[in-house]
Amino acid sequence: MIMDRMLRVNELLKREVSLLFERLICSRVPSCLVTVTEIRTAPDLRTAIVFVSVYGTPEQKEEVMELVRHERKEIQHQIGRSIKLKYTPKLDFRLDEQLAKADQMYQLLDKLESEEKKSDDK
């Protein structure tokens, strides 16, 4: 029962934070592609870790994350207005590198596959 509630809270927060990113972050950064990949809210609802994936160069990622951290209070304020919870969780934004690592793995696998085909053709 508690897990179901936490899953619902996390999904609700994820949806709202994603919408706020579109308005507050992507409107200021050209060719911005930011995704909220996961939210882990503490059981007491006082804190939440927000994992963010940013597509782009390391400089673009840092620029977006800096802006996200700068806008944290505004994002929390808007969350408090749109979602009725006992507490509005303090949001801790972290860069999620899992998608980038997965992309690197796929590139390596493609490279190995193409090298294997070349050696089979000989």
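Buried means under 20% relative accessible area, exposed over 50%, and partly exposed in between (1.4 Å probe, protein chains only). The model is predicted: local features need pLDDT of at least 70, side-chain atom pairs count only at pLDDT 80 or more, and totals for chains, interfaces and linings use all residues. Residues are numbered from 1 along each chain as its sequence is written, and side-chain values use heavy atoms, with hydrogens and water left out.

**View A. Salt bridge between Arg 28 and Glu 71.** The N to O distance is 2.9 Å; a salt bridge is a side-chain nitrogen of Lys or Arg within 4 Å of a carboxyl oxygen of Asp or Glu. Glu 71 is buried at 10% relative accessible area, and Arg 28 is partly exposed at 45%. The two residues are 43 apart, with Arg 28 in the loop between α1 and β1 and Glu 71 in the loop between α2 and α3. Helices (H or I, at least four residues) and strands (E, at least two) are DSSP runs, numbered from the N terminus.

**View B. Salt bridge between Glu 97 and Lys 61.** The closest N and O atoms are 3.5 Å apart. Glu 97 lies in the loop between β3 and α4 (98-121) and Lys 61 in helix α2, so the pair ties together parts 36 residues apart in sequence. Lys 61 is buried at 15% relative accessible area, whereas Glu 97 is partly exposed at 30%.

**View C. Surroundings of Phe 93.** Leaving out residues up to four places away in sequence, Phe 93 touches Val 17, Phe 21, Val 50, Val 52, Met 65, Val 68, Arg 69, Arg 72 and Ile 75. Contact means heavy atoms within 4.5 Å.
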